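Okay, thanks everyone, I'll keep this short.

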Amino acid sequence: MTELGSVYGGALYELAASEGLGDTILAQMSALEQGFAREPDYLRLLSVPTLGKAERCQILDDSFAGKIHPYVLNFLKILTQRGYARQFPQCSEAYRERYNQDHGILPVTAVTALPLTAEQSARLTGKLEQITGKTIALTNRVDEKCLGGVRLDFDGKRVEDTVALRLQNLRKQLKSTVL
């Protein structure tokens, strides 16, 4: 995450939290982030220097006025006016991090060879909540290279117990064995 994203996203979170709008703004920021990921040309359009700032803000009004909270719309306008529209995903990430921190939520990505079943997800979530004391927001990502087992990525850490890692360790051990 960029420093700019951290500053702007954090400022929006402070405003939203002080007004009791944290959940609403988070949902709208997430929806916009997904939409911009599907249509990256939209953020590029908001950054085109040949369009005036007023024209770019009018594009935002035409697209979102009455559909998103005024704080989010104004936030987009501020980013656009300052030439930071392309930084929106980093701002959204910073907002989400602050929200999660204040609400005791720990995002965890479980990487597995096959998708987790609902029961496996529930058991893993329960176990992680018991260990961490936080609410777990579990995401499952499938990576066939794991071969089996699970790798957990959270809070800048990685806990891995996959078949691929075990095979790699076995390979190292065999290479270092003197016969």
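So, which residues have the most contacts inside the largest nonpolar core? They are I25, L32, F36, F64, F75, L76 and F88, in a core of 26 residues. By nonpolar core I mean a set of buried Ala, Val, Leu, Ile, Met, Phe, Trp, Tyr and Cys residues joined through side-chain atoms within 4.5 Å; buried is under 20% relative accessible area, exposed is over 50%, and partly exposed is in between, with a 1.4 Å probe and protein chains only.

The elements giving two or more residues to this core are α1 (3–18), α2 (22–38), α3 (40–45), α4 (53–64), α5 (70–81) and α6 (88–103). Those are DSSP runs numbered from the N terminus, helices being H or I with at least four residues and strands E with at least two. Another core, of eight residues, lies apart from that one, and V108, L128, I136 and L152 are among its members.

Quick housekeeping: this is a predicted model, where local features need pLDDT of at least 70 and side-chain atom pairs count only at pLDDT 80 or more, while totals for chains, interfaces and linings use all residues. Numbering runs from 1 along each chain as its sequence is written, and side-chain values use heavy atoms, leaving out hydrogens and water.

Back to L32: leaving aside residues up to four places away in sequence, L32 touches F64, I68, V72, L76 and F88, with contact meaning heavy atoms within 4.5 Å.

Now, pockets. On a 1 Å grid over the protein atoms alone, a pocket is an open set of points where a 1.4 Å probe fits, with protein on both sides within 12 Å along at least five of seven lines, and lining residues have an atom within 4 Å of a point. Grid points are joined across faces, edges and corners, and volume is the space filled by probe spheres set on the points.

The largest pocket holds about 290 Å³. Its lining includes E97, K134 and F154, and α6, β1 (105–112) and β3 (149–154) each give two or more residues to it.

The second largest pocket has about 160 Å³, lined by T112, L116, Q120, R123, L124 and V150. Helix α7 (residues 118–132) gives the most there, with three residues.

L147, in the loop between β2 (135–142) and β3, has a positive phi near 70 degrees without being a glycine. D155 is not a glycine either, and its phi is positive at about 50 degrees; D155 sits in the loop between β3 and β4 (157–162). Buried or exposed, then, for D155? D155 counts as exposed, because its relative accessibility is 56%.
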